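Please find below a short note on the structure under review.

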Amino acid sequence: MSTNTPTEQVHDLLARSLGRKIHDCLSAEGGTVMIVGGIIRDVLSGRTIPDYPDIDMAMTLPPDRAMSVLKKAGLRVVPTGLDHGTITVFEKNNDAEKVELTTLRVDVNTDGRHADVAFTEDWYGDAERRDFTINAIYLGYDGTLYDPFHGQECCVALCLRSSSFKVVAARRTS
């Protein structure tokens with residue numbers, strides 16, 4: 001499911017300079033980058049977004065290649081979870097604004113709480129491993145939502161639905 005989202009908050013989110021730099025740099029290298037997770041849930045639920053929100057982005061490039069490209073672009077990159085494809089990106093002199101950037105992945109082996117992952121270019125496969133449908137909504141820099149499990153409906157209705165077999169995690173957190 002893909003829909004255009006012309007809301008003012010979405011426009012503001014896409015205009016943030018750090019996210020835009022990351023997108024532009026990695027897109028120039030043949031990668032695809034989208035915003036994902038809680039920030040999308042918050043925008044679609046009508047919550048006010050703080051000046052420096054937690055922003056998660058997903059990408060198709062491997063983390064080592066993304067690190068190299070982003071460092072060359074003058075950004076500060078911290079390898080926060082390379083085994084799971086995650087790096088944290090900052091402006092050179094600004095620790096307040098950061099983006100957690102993770103390579104798309106699928107579970108290879110999991111015990112329900114911990115997983116061995118393989119990197120992929122499959123957006124649907126990445127969405128399947130997320131806990132709830134509202135956290136499996138991706139926002140492209142063209143303003144299009146990729147919402148394979150109809151999480152936007154849950155944002156509007158303020159409900160939770162599992163995107164896969166993660167019901168046990170929901171019970172643990174409630």
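**Notes on the predicted model**

1. H23 is part of helix α2, which spans residues 17–28. The coordinates belong to a predicted model, and the remarks that follow should be read accordingly.

2. The relative accessibility of H23 is 15%. H23 is therefore classed as buried, because buried means under 20% relative accessible area. Leaving aside residues up to four places away in sequence, the contacts of H23 are with V33 and Y141.

3. The volume of the largest cavity is about 30 Å³. Its lining consists of V10, L13, I40, V43, L44, L139 and L145. Two or more of the lining residues come from each of α1 (8–15) and α3 (38–44). Helix α3 makes the greatest contribution to this lining, with three residues.

4. What is the class make-up of the lining of the largest cavity? The lining of the largest cavity holds seven nonpolar residues, with no polar and no charged residues.

5. The chain has 174 residues, of which 47% are buried. Among contacts in the chain with a separation of 6 or more, 56% join residues 24 or more positions apart.

6. The accessible surface of the chain amounts to about 9,100 Å². Carbon and sulfur atoms account for 50% of that surface.

How values were computed:
Residues are numbered from 1 along each chain as its sequence is written. This is a predicted model: local features need pLDDT of at least 70, side-chain atom pairs count only at pLDDT 80 or more; totals for chains, interfaces and linings use all residues. Side-chain values use heavy atoms; hydrogens and water are left out. Buried means under 20% relative accessible area, exposed over 50%, partly exposed in between (1.4 Å probe, protein chains only). Contact means heavy atoms within 4.5 Å. Accessible areas come from the Shrake-Rupley method with a 1.4 Å probe; for residues, only the protein chains shown count as cover. Helices (H or I, at least four residues) and strands (E, at least two) are DSSP runs, numbered from the N terminus. On a 1 Å grid over the protein atoms alone, a cavity is a set of points where a 1.4 Å probe fits but cannot get out, and a pocket is an open set with protein on both sides within 12 Å along at least five of seven lines; lining residues have an atom within 4 Å of a point. Grid points are joined across faces, edges and corners, and a volume is the space filled by probe spheres set on the points. Ala, Val, Leu, Ile, Met, Phe, Trp, Tyr, Cys and Pro count as nonpolar, Asp, Glu, Lys and Arg as charged, and the others, Gly among them, as polar.
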